[in-house]
Amino acid sequence: RTAVREFLVAGEVGPDFREAGDPTEKGQEGRQITSKVRRHAFGCFNDAAEACFAPDAAPSTILAANIDAKMLHDDGSVTAAMQE
């Protein structure tokens with residue numbers, strides 16, 4: 001769950017809300033998102049992916065070629081092109 005999703009689906013997010021942590025943002029899990037309650041008056045949104053697919057079974061939202069090999073070697077070291 002993200003704070004943005006909580007804000008849109010639940011209508012508010014408060015200082016006690018904590019995100020589970022995006023694996024690309026190391027050390028951010030469990031941090032306070034806001035210092036006061038934030039609300040919107042639009043009515044609660046529905047999560048379309050959640051309504052149409054089983055939990056954790058939504059398809060990818062970005063369909064793109066895997067370019068990892070252009071950035072990293074098999075051992076995880078950075079390629080010369082990435083160092084330029």
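1. Asp47 is partly exposed, with a relative accessible area of 26%; the term covers values between buried (under 20%) and exposed (over 50%), with a 1.4 Å probe and protein chains only. The model is predicted, and local features need pLDDT of at least 70, side-chain atom pairs count only at pLDDT 80 or more, and totals for chains, interfaces and linings use all residues. Residues are numbered from 1 along each chain as its sequence is written, and side-chain values use heavy atoms, with hydrogens and water left out.

2. Asp47 forms a salt bridge with Arg5, and the closest N and O atoms are 3.0 Å apart. A salt bridge here is a side-chain nitrogen of Lys or Arg within 4 Å of a carboxyl oxygen of Asp or Glu. The pair links distant parts of the chain: Asp47 sits in the loop between β2 and α2, while Arg5 belongs to helix α1 (residues 3–10), 42 residues apart. Helices (H or I, at least four residues) and strands (E, at least two) are DSSP runs, numbered from the N terminus.

3. Arg5 is partly exposed too, at a relative accessible area of 23%. The side chain of Arg5 also meets that of Glu50 in a salt bridge (2.6 Å, N to O). This pair again joins distant parts of the chain, with Arg5 in helix α1 and Glu50 in helix α2, 45 residues apart.

4. The structure holds three salt bridges. One of them is between the side chains of Glu12 and Arg39 (2.8 Å, N to O). Glu12 lies in strand β1 (residues 12–13) and Arg39 in strand β2, so the pair ties together parts that are 27 residues apart in sequence. Glu12 is partly exposed, with a relative accessible area of 33%, whereas Arg39 is exposed at 59%.

5. How many disulfides does a search of the whole structure find? The search finds zero, a disulfide being a pair of cysteine sulfur atoms within 2.5 Å. The sulfur of Cys44 has its closest cysteine sulfur in Cys52, 18 Å away, which is too far for a bond. Cys44 is exposed, at 54% relative accessibility, and Cys52 is exposed as well, with a relative accessible area of 61%.

6. Val4, Leu8, Phe42 and Phe45 make a nonpolar surface patch of about 420 Å². Patches are made of residues with over 30% relative accessible area and no salt bridge; like charges are joined within 9 Å, and nonpolar side chains (Val, Leu, Ile, Met, Phe, Trp, Tyr) within 5 Å. Accessible areas come from the Shrake-Rupley method with a 1.4 Å probe, and for residues only the protein chains shown count as cover. Phe45 lies in the loop between β2 (38–39) and α2 (48–52) and is partly exposed, with a relative accessible area of 38%.

7. Is Thr79 buried or exposed? Thr79 is buried, with a relative accessible area of 7%. Its place is the loop between α3 (68–71) and α4 (80–83). Leaving aside neighbours within four places in sequence, Thr79 is in contact (heavy atoms within 4.5 Å) with Ala69, Lys70, Met71, Leu72 and His73.
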